[in-house]
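Keep the structure open as you read.

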Amino acid sequence: MTPMSIQMTDLQDLYLEQLQDVYSAEQQLLEALPRMAQAASSAELRQGFELHTQQTQEQLRRLEQIFEALGQPPGGKTCQAMRGLVAEGQEMTEKKANPAVRDAGLIAAAQRAEHYEIAAYGTLRTYAELLGRTQDVQLLQASEDEEKATDQKLTGLARSINMEALG
Ligand code: FE
Ligand code: FE
Ligand code: FE
C-alpha cells in the first residue's frame, strides 16, 4: 500500500488513481528506454527506442498538464506492473546472447510494456470522456496513438530481426 492512500468513492477518484499509475509507468520507462537503446544492436531498433524516449518525455508532460488542470500533484504511486515489465527488459540487456536474439528479446519486452500502456490510456480516455474532460481526452488520445504506433513499429522491426534470430 502507498502511504498516500486515496479514498475512492466515484469514477473521478478512480480516474485520478489510474492517472497516478500511468504517470509512474511512464517515469519508469523514461529510465529504462535509454538502457534498452544502448543494448540494441540493430540501428533501427536503437533509434526506435531513442525516439520513444523523447515521446515518453512528452507523454509525462501531457499527464502533468492533466494533473495541473485537476489541481492535483502527480506522483505518490508506484506502478508495480511496469516495475515487473521493466525488470524483464533489464534481464534481456544483461543476458549473454547473440545480437539478433537479444534484439528480438528486447522487442518482446518492449511490446509487453506498450500493450500495458495502450490498455492504461484506453481506460483513462474512456473515463475522461465520461467525466466530460474534453481537454484530457485529446491529451490521452495523443499518447495512446503514440503507444499504438510504437507497438506497430516494433512488430515491423521484429519481422526481420526474428528471422535473423532464427539463425
Ligand atoms: Fe508511454
Ligand atoms: Fe500499473
Ligand atoms: Fe510507450
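Predicted model: local features only at pLDDT ≥ 70, side-chain atom pairs only at ≥ 80, totals over all residues.

Residues are numbered from 1 along each chain as its sequence is written, chains are lettered from A and ligands numbered from 1 in the order in which they are written, and side-chain values use heavy atoms, with hydrogens and water left out.

**The iron ion (ligand 3)**

- His 52 (NE2), Glu 114 (OE), Glu 114 (OE), Glu 117 (OE) and Glu 147 (OE) coordinate the iron ion (ligand 3), at 2.0 to 2.6 Å.
- Donors here are N, O and S atoms within 2.8 Å of the metal (3.2 Å for Na, K and Ca); water is not among the atoms, so sites may look incomplete.
- Along the sequence, the donor residues of the iron ion (ligand 3) have the spacing H-x61-E-x2-E-x29-E.
- Glu 114 and Glu 117 are three residues apart in helix 4 (residues 99–130), so about one helical turn separates them.
- Helices (H or I, at least four residues) and strands (E, at least two) are DSSP runs, numbered from the N terminus.
- Glu 114 is buried, at 2% relative accessibility.
- Glu 117 is buried too, at 1%.
- Buried means under 20% relative accessible area, exposed over 50%, and partly exposed in between (1.4 Å probe, protein chains only).

**The iron ion (ligand 1)**

- Its protein donors are Glu 26 (OE), Glu 26 (OE), Gln 59 (OE1), Glu 117 (OE) and Glu 147 (OE), and they lie 2.1 to 2.3 Å from the iron ion (ligand 1).
- Their spacing along the chain is E-x32-Q-x57-E-x29-E.
- Gln 59 in helix 2 (residues 43–70) and Glu 117 in helix 4 are 58 residues apart, a pair that links distant parts of the chain.
- Gln 59 counts as buried, at 0% relative accessibility.

**Where the two sites meet**

- The iron ion (ligand 1) and the iron ion (ligand 3) are 3.1 Å apart.
- Glu 117 coordinates both.

**Asp 13**

- Asp 13 sits in helix 1 (residues 11–39).
- Asp 13 is buried yet has no salt bridge (a side-chain nitrogen of Lys or Arg within 4 Å of a carboxyl oxygen of Asp or Glu).
- The nearest side chain of opposite charge is Arg 133, 11 Å away; Lys and Arg count as positive and Asp and Glu as negative, while His and the chain ends are not counted.

**Ala 158**

- Ala 158 belongs to helix 5 (residues 134–166).
- Ala 158 is buried, with a relative accessible area of 9%.
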